[in-house]
Amino acid sequence: MASQAHNAVGSPIERREGGAKVSGGALYATEYTPPGCVYAWLVTATVPKGRVASLDTAAALKVPGVLAVLTPDSAPRLADTDDATLAVLQNSEVPHHGWPVALAVAETLEAARAAAGSVGVAYETEPHESVLTEDPPGAYTPDEVNGGHPTERRRGDPEGRFAAAPVKIDARYRVPPLYNHPMEPHGATASWRDGRLTVYDTSQGADPVRAVLAQVFELPEERVTVVCEHVGGGFGSKGTPRPHVVLAAMASLHVRRPVKLALTRRQLTELVGHRAPTDHRLRLGAEPDGTLTSLIHEVTTHTSRIKEFVEQAAVPGRVMYAGANSLTAHRVAALDVPTPSWMRAPGEAPGMYALESAVDELACALAMDPIELRTRNEPDEEPDSGRPFSSRHLVECLREGAKRFGWAERDHRAGVRRSGAWLTGTGVAAATYPVLVSPSRATVTAHPDGLHVVRINATDIGTGARTVLAQIAAEALGVGAEAVRTEIGTTGLPKAPLAGGSSGTASWGWAVHEACRSLARRLHERSGPLPPEGLTASADTRGTADAESPYARHAFGAHFAEVGVDTDTGEVRVRRLLGVYAAGRILNPRTAGSQFIGGMVMGLGMALTEGGRVDPASGAFLGSDLAGYHVPAHADVPEVEAHWIDEEDAHLNPMGSKGIGEIGIVGTAAAIGNAVHHATGIRFRELPLTPDQVH
Ligand code: MOS
């Protein structure tokens, strides 16, 4: 039902705030400077475990311009939340390296930094354990894993069928800790006035931040305003309220001035969540014709001592392949490490690296084309739940990708394409990501001058939310997108869920669509000019909790990679990346293409260069700034193409869309790793594939 309306859904229009962003006009959280604003700088723990024995602030308080040094003794008291990572400066315990121990506040940023550097901290330390081993002492089976998934699922007789399988793979894969480094580091500007708190925060959702601030400062939510107008990326690290916003509000309360606090890059890794390391054991058993007879994926990971977060990396094994015998299970060890959290496609990104690498190994063992192997094990229904898929076009993605990539000409022998020192190879992997939709609210007002104003507290984390919501509204109203203005990014607007789980557009768009349809009906029924204040309609949508649906709903995709491997240095260069997706209706090809490509580039970093490490002595994350943690730069990013197939699915939302923010990273590292094997004939099973490992 393509609309005739100009620039409505399906048009590749440019993002509305693009000009403001590239010209510096778009303000980010720490670019707001209320009158009288002062600056804060955080002091963090340099030991892995123990307590602060003493804090000497005398020298810090002598720094010219300093206003205060907040410590566990002097900082405002906070009410409890169920998020222990937010209980900052409340006691002297140090649960991990990087934990906040003091906060300096001064008239200038320089003075705050100097004061923070002058705080003397003495610690009592305790023995600690910060490094995840293959069989960590104290590892346990959690009650559930991230996303509310069961920690273990078992069907049939996976071990027995594996033992009896004529062809089998038993391999371990490791993904290191990965750091969230959005372009805009975490920061906030906070001010109090007449018992009301206003913060400018960088977050994926202003409403959850407001709820937490109201809780810890014991205020009614109406007395807290949270503005997240522009956000420079989040990837999950801004999906929950973070300590910086609580600290900025505490400091402002303490010094009775507006306060700005920005975390440094190095502080980010230890305070805003990381992707936990995962150790995978994959066992696949098959008949000689490729039929999978057993799929066993066991994951070991870590969490912190103060909060449980379990990367659900075995969950995609419940979705991907047919077979009556399967075990997918997680174990977790609580270590003296910062608390892990969401990072783009938590679960699927590391899980599909391991699973799709193992499928490639099995294809090699069977001497079978890896696309053919996947196709032979395509399920008729979701293997774990028995529910029908609302739509599943994985095979179409693999075939379309194969055609575009030139897969048919591939010589399946490994390690035979040499030119000088360079070996060349190609690889493929599948991708999947669930369809998630949350409840939302929106209003829309038709004004007498022909403008339609959509109001919803959505958050644009760099995806183009304003633009695509205007397109959704335009289609539902039957007007051009130019006739729609979108107001988002503050708690003053109708309540909406966060930009996370690739669910933002579907959740917000559903409410916007409903409000606009309702307004269009009322406009149609009435005659005469609109009143000066216009005509307003609103909608509350429930979303669709996955458990309630009779359908299994997931996006699928296929990733193809070509690599060169320098046999002298071990350097791997990705030469081509190509993704094909089946993600429902694509609402804006321009912004959607950017999402897919961004995900693939992040997957390229995961494959080749991004690797966090815990220093066993100090419990610190090493190489935690952008000098020590290499995210892909332009010179690393070759030809990257994103394509999609037209997919109609009536079981999603009124727009017919699936989420697209995360699937681009899923399986990309496996496609690259499989290409490295094809190039070299050697299977590397530990990311990232840096020269020291590959040479
Ligand atoms: Mo995404 S990791 O749900 O922000």
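1. Helices (H or I, at least four residues) and strands (E, at least two) are DSSP runs, numbered from the N terminus. The model is a predicted one, in which local features need pLDDT of at least 70 and side-chain atom pairs count only at pLDDT 80 or more, while totals for chains, interfaces and linings use all residues. Residue numbers start from 1 along each chain as its sequence is written.

2. L687 and P688 are joined by a cis peptide bond, with omega about -5°; P688 is placed in the loop between helix 14 and helix 15 (691-694). L89, which is not a glycine, has a positive phi of about 60°. L89 belongs to the loop between strand 3 (66-70) and strand 4 (93-94).

3. Domain division. The chain is split into domain 1 (32-127 + 183-233 + 238-271), domain 2 (144-178 + 274-383 + 391-435 + 549-694) and domain 3 (438-543); these bounds come from an automatic or database domain assignment. Taken over C-alpha atoms, the centres of domain 1 and domain 2 are separated by 37 Å. The contact between them takes 16 residues from domain 1 and 19 residues from domain 2, where two residues are in contact if their C-beta atoms, placed from the backbone, lie within 7 Å. On the side of domain 1 that touches domain 2, four residues are nonpolar, seven polar and five charged. For these classes, Ala, Val, Leu, Ile, Met, Phe, Trp, Tyr, Cys and Pro count as nonpolar, Asp, Glu, Lys and Arg as charged, and the others, Gly among them, as polar.

4. Five strands in the order 20-21-26-27-30 make an open sheet with mixed pairing; two strands pair if DSSP finds at least two bridges between them. Strand 20 (418-419) and strand 30 (639-644) are the edge strands, each pairing on one side only. Strand 21 (residues 422-434) and strand 26 (residues 554-566) run antiparallel and are joined by 13 bridges; T424 has G564 in strand 26 as its bridge partner. Helix 10 (residues 394-405) packs on this sheet and touches strand 21, strand 26, strand 27 (572-582) and strand 30, its direction making about 135° with that of strand 27. Axes here are lines fitted to C-alpha atoms, for helices over the stretch in contact, and angles run from 0 to 180 degrees between N-to-C directions.

5. Helix 13 against helix 14. The axes of helix 13 (residues 589-608) and helix 14 (residues 668-680) come within 8 Å and cross at roughly 50°. Helix 13 is therefore oblique to helix 14; angles under 35 degrees count as roughly parallel, over 145 as roughly antiparallel, 65 to 115 as roughly perpendicular and the rest as oblique. The crossing of the two helices is right-handed; a crossing is left-handed if the near helix is turned anticlockwise from the far one by less than a right angle, and right-handed if clockwise. M600, G603, L604, M606, A607 and L608 of helix 13 meet T668, A669, I672 and G673 of helix 14. This contact holds seven nonpolar, three polar and no charged residues.

6. Helix 8 against helix 14. Helix 8 (residues 348-366) also has its axis within 8 Å of that of helix 14, with a crossing of roughly 35°, and the crossing is right-handed. From helix 8, M352, Y353, E356, S357 and D360 meet A669, A670, G673, N674 and H677 in helix 14. The classes are four nonpolar, four polar and two charged residues.

7. An open sheet of mixed pairing has the strand order 24-23-22-25. Strand 24 (484-487) and strand 25 (535-541) stand at the edges with a single partner strand each, so one side of each has no neighbour in the sheet. The average twist from one strand to the next is 20°. Four bridges pair strand 22 (residues 440-446) with strand 23 (residues 452-455) in the antiparallel sense, and T445 has V453 of strand 23 as its bridge partner. Helix 11 lies across strand 22, strand 23 and strand 24, at about 135° to strand 24. Helix 12 touches strand 22, strand 23 and strand 25, and its direction makes about 140° with that of strand 25.

8. Helix 11 against helix 12. Helix 11 (residues 465-477) and helix 12 (residues 504-525) pack at about 35° with axes 8 Å apart, in a right-handed crossing. Residues in the contact include V468, L469 and I472 of helix 11 and W508, V512 and C516 of helix 12. By class, the contact has twelve nonpolar, four polar and one charged residues.
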